[in-house]
Amino acid sequence: MGFDQRFTIGLIAWIGALVAVLLACIAAFATPGLGAARIVAIGIAAATFAGLWRHVTRTNRTVARFLEALKFGDTALQFDAQGGAGFGELGESLNEALGRFRAGQDRVAGELRYLDALVDDMPVAVLTVSPDGHITLANKAARRLFTDEHGTLPGDFAVYGATFARRLANSSQGEELLILNIAGRPQRMLVRAATLERLGQRTRAISVQPIQGTLDAVEMAAQTDLVRVLTHEILNSLTPVTSLAATAADLLADPDLSSDPRVNDARVAVETLARRAQGLSNFIEAYRAVAQTPEIKRQTFTARPWADELARIFAAKAPEVPLSVAVAPDHLALDADPDLLAQVVINLMQNAVQAMHATDQPRLTLRLSGHGQATVIEVEDNGPGVPESLRQDVFLPFFTTRAAGTGVGLNLARQIVIAHGGAIEVTDAPDGGALFRIVL
């Protein structure tokens, strides 16, 4: 690669000028009495030499500035191949290479932005653990899940569970099913750990996937299928019994047979059998409601007027039980099916009234509150409460502790809550009694 024409012409011009100035200096020194001319000639010669030096070294300075800019990541710079700097072909090649490099950088940056957005929006919570043990919530799902106050070390996450904190601290890999305390209630989580290489250092990535809602939905689907099969099979077997019992009762009602007391006894027995079979058939038919998956029609509505309406309905049904309603914040909004959710809350309040029938001063509280992305609905009474051994059983279909109970209400309530993607549980109230908590 040679010098370009413009650089060559400039070089010849500067050399020619320098030669001329040097000849002038020689002439000035050779002629007596030209002291001032000698000084001027020396100055012009020095300036000409500086110009020549600047012209010769201009390409080096341009290349040095260009490489210095690249050193600090400035890829927007263009190599100046004009203005007498020389090496035009070198400048074009450098600019072309830099353009390809800049295009590659843009593609890599775009891909990184895509991957960052993908990780940030994925529904599984991701945490990263640096080599020095500091934890970062790497995406939106993690920030929504871990909303309680905590620091950046594994021990700070003990608020969600000691086992989870130990899992963050150790370097084990693989997956494990853990129970974490999220939004004030225990939830099953699938926790996976993997080790990644990042900038020459080993970083751990922890994914936390909530599966409590999936397990609840599977459980409710299994219960629904079981109830559907059982009611179908029982009704199929019971229908001919009911029909035959009614036919036998009609035959035994013949006046010609009434003289035999044994026939009368048989008729009474068969009529009783027919009535009980029909009653059992009606009873089972009513339980088919358990096997119907509720259809959720979501809408956004303000919690305060909705809760006030429930309070008015409750006051009309049970005026003897005082009800206090608390909504915080006052502008709280719910995203749910207002009718089905109202059915759940009214059912819980009616159950509370029945549980407090022997309480001297019954009290009932309905609370609605917002906790980050979750909404919590609580129904609290001061009755005898629910024994810890029965707190899971009360939501099973047909399970009841009351002689006149059907065991359907709480199961239907749980079906509706789970269909909303939420959870329902019962615990001890702070002042005694039962506290039913719905988290949506």
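Glu380 lies in strand E10, which spans residues 374-381; strands (E, at least two residues) and helices (H or I, at least four) are DSSP runs numbered from the N terminus. The model is predicted, so local features need pLDDT of at least 70 and side-chain atom pairs count only at pLDDT 80 or more, while totals for chains, interfaces and linings use all residues. Residues are numbered from 1 along each chain as its sequence is written, and side-chain values use heavy atoms, with hydrogens and water left out.

With a relative accessible area of 11%, Glu380 is buried (under 20%; exposed is over 50% and partly exposed in between; 1.4 Å probe, protein chains only). Its side chain makes a polar contact of 2.4 Å with that of Arg367 (N or O atoms within 3.5 Å, one able to donate a hydrogen and the other to accept it; residues adjacent in sequence count only if both atoms are side-chain atoms). Beyond its neighbours within four places in sequence, Glu380 has contacts (heavy atoms within 4.5 Å) that include Arg363, Leu364, Ala429 and Leu435.

Helix H10, residues 409-419, is mostly covered, with 9 of its 11 residues buried. Among the buried residues are Leu410, Arg414 and Ile418. Gly421, which follows H10, has a positive phi near 85°.

Helix H3 (residues 88-121) contains Leu115. Leu115 counts as partly exposed because its relative accessibility is 37%.
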